[in-house]
Amino acid sequence: MNYYIVIPAHNEEDFIALTLDSLISQSVLPKKVVVVNDNSTDKTAQIVTSFAKENPFITLVNKSSEAIHLPGSKVIQAFQKGFETLDENYDVIVKLDADLILPNNYFETILNTFEKDATIGMVGGFAYIEKNGSWILENLTDKDHIRGAFKAYRKECFLQIGNLKPAMGWDTVDELLSKFYGWKVVTDASLIVKHLKPTGANYNKTARYKQGEAFYTLGYGFLITSIASAKLAIMKKKPLLFIDYIKGFWKAKAAQTPLLVTTEQAKFIRKYRLKKMKQKLF
């Protein structure tokens, strides 16, 4: 199986060399790696260029966009720019962040998982962050969710879900749509990915409202949004975030923000989420 990787990168000079080092050390190398330099003002582009000289499968694409950091839309627009430069000779497409260290067997294991079962649409490992000198699980999501920092999609699944949505919540709606179309989403606890910059480190108030908006655009409805918001606020150990999330939901509803899914898909998603919540309660 061939796999291609797209890495959106904005001012990642502190980390991107570590990420690229871990890619060129893979037991099964990627056929192509595209790094999208999204308006960086540091040495990100120079670092990528130096890797590309030694490793011809790495290429750099430059993109200009606003300097503001908003989770979701900006990173997926950058991903899309990189994806458009690729041909169709891939079996697996990967979206990676530029602040990761992957184990050397990461993609060999991912490809083996895909090859074992043709109904598997997505595979990923687990994010670990450094705390007091040791690496611990970045416990922000359920164990069956693949983090947005490292998403690997079977080509057929990726195309069926309609690529990635340029909005916050893209890394949840992709999995929900995969399940809607009957694909399996698999996480592998043996694959420990070092996440060098913890999630949400740069989020401001606007971005926090965006989380509530994301719940709305996923078609969650108010009940599921309330439960999901409470859970996320508790996991982040910031209970007041719950208020921001709920405000974001109502703002999106009042503005009649378009959903990321169809009416039929939204109905499936609500049913699926309620079923999962009930399983945890009983």
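Residues are numbered from 1 along each chain as its sequence is written, and side-chain values use heavy atoms, with hydrogens and water left out. Because the model is predicted, local features need pLDDT of at least 70 and side-chain atom pairs count only at pLDDT 80 or more, while totals for chains, interfaces and linings use all residues.

Helices (H or I, at least four residues) and strands (E, at least two) are DSSP runs, numbered from the N terminus. Two strands pair if DSSP finds at least two bridges between them. Strand S1 pairs with two partners. It runs parallel to S2 over six bridges. It also runs parallel to S4, over four bridges. Val 6 takes part in both pairings. This residue stands opposite Val 34 in S2 and opposite Lys 95 in S4. From S1 the chain passes through H1 to S2, in a right-handed β-α-β crossover. A crossover is right-handed if, with the strands pointing away from the viewer, the path from the first strand over the helix to the second runs clockwise.

Strand S2 (residues 32-38) is also joined to strand S3 (residues 58-63). Six bridges link these two parallel strands. Asn 37 has Asn 62 in S3 as its bridge partner. Here the chain crosses from S2 to S3 through helix H2 (residues 44-54), and this β-α-β crossover is right-handed.

S1 is mostly covered. Seven of its seven residues are buried (under 20% relative accessible area; exposed is over 50%, and partly exposed lies in between, with a 1.4 Å probe and protein chains only). Both faces of the strand are covered. Tyr 3, Ile 5, Ile 7 and Ala 9 lie on one side, and Tyr 4, Val 6 and Pro 8 lie on the other.

Helix H4 (residues 106-116) also has buried residues: Tyr 106, Phe 107, Thr 109, Ile 110, Leu 111, Thr 113 and Phe 114. What do the buried residues of H4 pack against? They are in contact (heavy atoms within 4.5 Å) with strand S1 (3-9), helix H1 (16-24), strand S4 (92-96), S6, strand S8 (150-154) and strand S9 (184-195).

Val 28 lies in the loop between H1 and S2. Its relative accessible area is 29%, so Val 28 is partly exposed. Beyond residues up to four places away in sequence, Val 28 touches Tyr 3, Phe 107, Glu 108 and Leu 111. Phe 150 lies in strand S8. Its relative accessible area is 1%, so Phe 150 is buried. Leaving aside neighbours within four places in sequence, its contacts include Tyr 106, Lys 95, Leu 96 and Val 193. Phe 126 is another contact of Phe 150. The C-alpha atoms of Phe 150 and Phe 126 are separated by 8.9 Å, and the residues are 24 apart along the chain.

Strand S6 (residues 120-131) pairs with strand S7 (residues 134-137) in the antiparallel sense, over four bridges. Glu 130 stands opposite Trp 135 in S7. S6 and S7 form a hairpin with two residues between them. Asn 132, in the turn, has a positive phi of about 50°.

Asn 39 is found in the loop between S2 and H2. Its phi is near 65°, a positive value in a residue other than glycine. Asn 39 counts as partly exposed because its relative accessibility is 27%. Gln 256 is found in the loop between helix H9 (241-254) and H10. Its phi is positive, about 50°, although Gln 256 is not a glycine. At a relative accessible area of 68%, Gln 256 is exposed.

Lys 74 lies in helix H3 (residues 73-83). Is Lys 74 buried or exposed? Lys 74 is buried, because its relative accessible area is 12%. Its side chain makes a polar contact with the side chain of Asp 38, at 3.2 Å. A polar contact is a pair of N or O atoms within 3.5 Å; within protein, one must be able to donate a hydrogen and the other to accept it, and residues adjacent in sequence count only if both atoms are side-chain atoms.
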